Amino acid sequence: MSSGGGTSVHITALDGIVNVNSLFTLAVFIGLAWNPKDPSNSLIDDPTCNPGPSVAEDLIAFHVYSFSSFLFSSLIAVGLKQGIRICRSPAYHPVGILCRINRSILRVGMLISGIGSVCGCGFLMLALINVVQIKLGTLGCGSSHTYAAVVPLVIFVPAALLIYISIVLYAFFSR
């Protein structure tokens, strides 16, 4: 792809990835600041429904996985944006020869960045399921409040991710 055609669309898409990843990264940091072992943060009445330490460990691990996925995705997107801007800017090419943007590399980079965002969302969803178990009781206890919180999360997040993946794949395979 030459330096002129269609790159503003790619920059807009990459900006969107970075902006959404930034919001989710903020959510991850807020989640990491919360102490899952604080007994005053639980609404569980039945002591047999208290989760074991593995749920709190998973909560932290999923937050870290989510953060690293969003950071990975954002760094790839920002790197691609900088590459596009450098190729489009005459200031970087004083001889007047603009570089060419390799469409295949751009598309693969956008795909990899999208995969990072999808993984981050998946890990964030798993972390939220653990938050629900810590606050409302484990899934094995059968609390209606726990299921009322988890079921919409498990339906809506994957549905939104399927839509997102479809759009990313469409952009990847379209000319």
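The end C-alpha atoms of residues 12–34 lie 34 Å apart, and this span is 96% helix and 0% strand. Helices (H or I, at least four residues) and strands (E, at least two) are DSSP runs, numbered from the N terminus. The model is predicted: local features need pLDDT of at least 70, side-chain atom pairs count only at pLDDT 80 or more, and totals for chains, interfaces and linings use all residues. Residues are numbered from 1 along each chain as its sequence is written, and side-chain values use heavy atoms, with hydrogens and water left out.

The unreviewed UniProt entry lists residues 12–34, 60–80, 108–129 and 149–173 under "transmembrane region". UniProt positions follow the numbering used here, feature names are shortened, and annotations may be inferred rather than shown by experiment. Residues 108–129 are 100% helix and 0% strand. Their end C-alpha atoms are 32 Å apart.

The protein has four helices and zero strands. From the N terminus on, the order is α-α-α-α. Of its 175 residues, 36% count as buried (under 20% relative accessible area, with exposed over 50% and partly exposed in between; 1.4 Å probe, protein chains only). Contact means heavy atoms within 4.5 Å. Among contacts between residues at least 6 apart in sequence, 78% join residues at least 24 apart.

A nonpolar core is a set of buried Ala, Val, Leu, Ile, Met, Phe, Trp, Tyr and Cys residues joined through side-chain atoms within 4.5 Å. The largest has 11 residues, including Ile11, Leu14, Ile17, Val18, Ala77, Leu80, Ile84 and Met110. The elements that give two or more residues to this core are α1, α2 (53–88) and α3. Leu14 touches Ala77, Leu80, Lys81, Ile84 and Met110, not counting residues up to four places away in sequence. A second, separate core has eight residues, among them Trp34, Leu59, Ala127 and Val131.

The second largest pocket holds about 280 Å³ of space. A pocket, on a 1 Å grid over the protein atoms alone, is an open set of points where a 1.4 Å probe fits, with protein on both sides within 12 Å along at least five of seven lines; lining residues have an atom within 4 Å of a point. Grid points are joined across faces, edges and corners, and the volume is the space filled by probe spheres set on the points. Of the 17 lining residues, Val20, Phe24, Ser117, Cys121 and Leu161 are the closest to the centre. The elements that give two or more residues to this lining are α1 (7–33), α3 (103–136) and α4 (144–173). Helix α1 gives the most, with six.
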